[in-house]
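Let's take a walk through this fold together. Have the sequence and the 3D view open, and we'll start at a turn.

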Amino acid sequence: MEKDGFEVTQVFDGEEAIKKLREEIEKAYKEKGVIKIKPYLIVKGGYRVMYKDFLKGFMPFSQSYFRKRPENQKELLGKELEVFVLTIDKGNFIVSRRAYLENEFKKKKEKVLEKIKESGIAEGEVVKCVEGGYVVNIEEVLFGFLPFQELAWHKIEDPASYLKI
C-alpha cells in the first residue's frame with residue numbers, strides 16, 4: 001500500500017500519522033539528523049529497512065558498515081540502527097549507517113586528541129611489536145608508535161620483555 005509516495009506496511013489510524021512519519025524522514029534528510037531504522041530483509045545490493053514499523057526504505061551494503069564488513073550480513077537484521085537519510089526519491093528513502101558511524105568515530109577521535117593536547121598523556125594497548133618499537137592502539141580511534149628508546153630512562157636490553165602484547 002502506498003501513501004503520498006511512501007510504501008506503508010501496516011494499516012493504522014489516521015492519514016496524519018503517515019504524514020507525520022514522512023515529515024520526520026524529510027526533516028532528518030534536510031537537517032542531516034539521525035533516525036532509527038530496522039533492517040528486515042536482505043535484497044540484491046543491500047537491506048530493506050523499516051522506519052517505526054510502517055515506512056519502508058533501503059540501506060545499501062556499502063552504507064551499512066564502517067571499516068570492516070562482517071562475514072555474516074544477517075547480523076544486522078532486526079536490530080535498531082541509527083542512520084542518516086541519504087536521499088528521498090519517489091517515495092523511497094535511502095539511509096546510511098556508515099555515514100553515522102564515521103561521524104561518531106570522528107567525534108570520538110576529536111575527544112581523544114583534545115584529551116592528549118590537554119594532558120600530553122595517552123593510554124593505549126600495545127597491539128604489535130615492529131622493528132624499532134611498538135604499535136599502540138589508543139582508545140580504538142588512534143594508532144601510535146612507541147620507539148624502544150622511549151620506554152624508560154635507562155637502557156633496556158630486551159624490549160620484548162618490557163611490555164606484553
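Start with the hairpin that β3 and β4 make: two residues sit between the strands, and glycine 45 in the turn has a positive phi of about 90°. Strands here are DSSP runs (E, at least two residues), helices are runs of H or I with at least four residues, and both are numbered from the N terminus. Keep in mind that this is a predicted model, where local features need pLDDT of at least 70, side-chain atom pairs count only at pLDDT 80 or more, and totals for chains, interfaces and linings use all residues. Residues are numbered from 1 along each chain as its sequence is written, and side-chain values use heavy atoms, with hydrogens and water left out.

Strand β4 covers residues 46-51, and its antiparallel pairing with β3 runs over six bridges; two strands count as paired if DSSP finds at least two bridges between them. Look across from isoleucine 37 and you'll find tyrosine 51 in β4. β3 (residues 34-43) also pairs with β6 (residues 81-89), again in the antiparallel sense, over four bridges. There, lysine 36 has glutamate 82 as its bridge partner.

Now hop to methionine 59, which lies in strand β5 (residues 55-60). Is methionine 59 buried or exposed? It's buried, with a relative accessible area of 0%; buried means under 20%, exposed over 50% and partly exposed in between, using a 1.4 Å probe and protein chains only. Not counting residues up to four places away in sequence, methionine 59 touches a list of residues including Ile37, Tyr47, Leu81 and Val83, where contact means heavy atoms within 4.5 Å.

β9 (residues 133-138) and β10 pair over six bridges, and valine 136 stands opposite glycine 144 in β10.

Which residues line the largest pocket? They are Phe66, Arg67, Leu101, Glu104, Phe105, Lys108, Asn137, Glu140, Val141 and Phe143. Helix α2 (residues 97-119) gives the largest share of that lining, with four residues.

Methods
1 Å grid on protein atoms, 1.4 Å probe; cavity = no way out; pocket = protein on both sides within 12 Å on 5 of 7 lines; lining within 4 Å.
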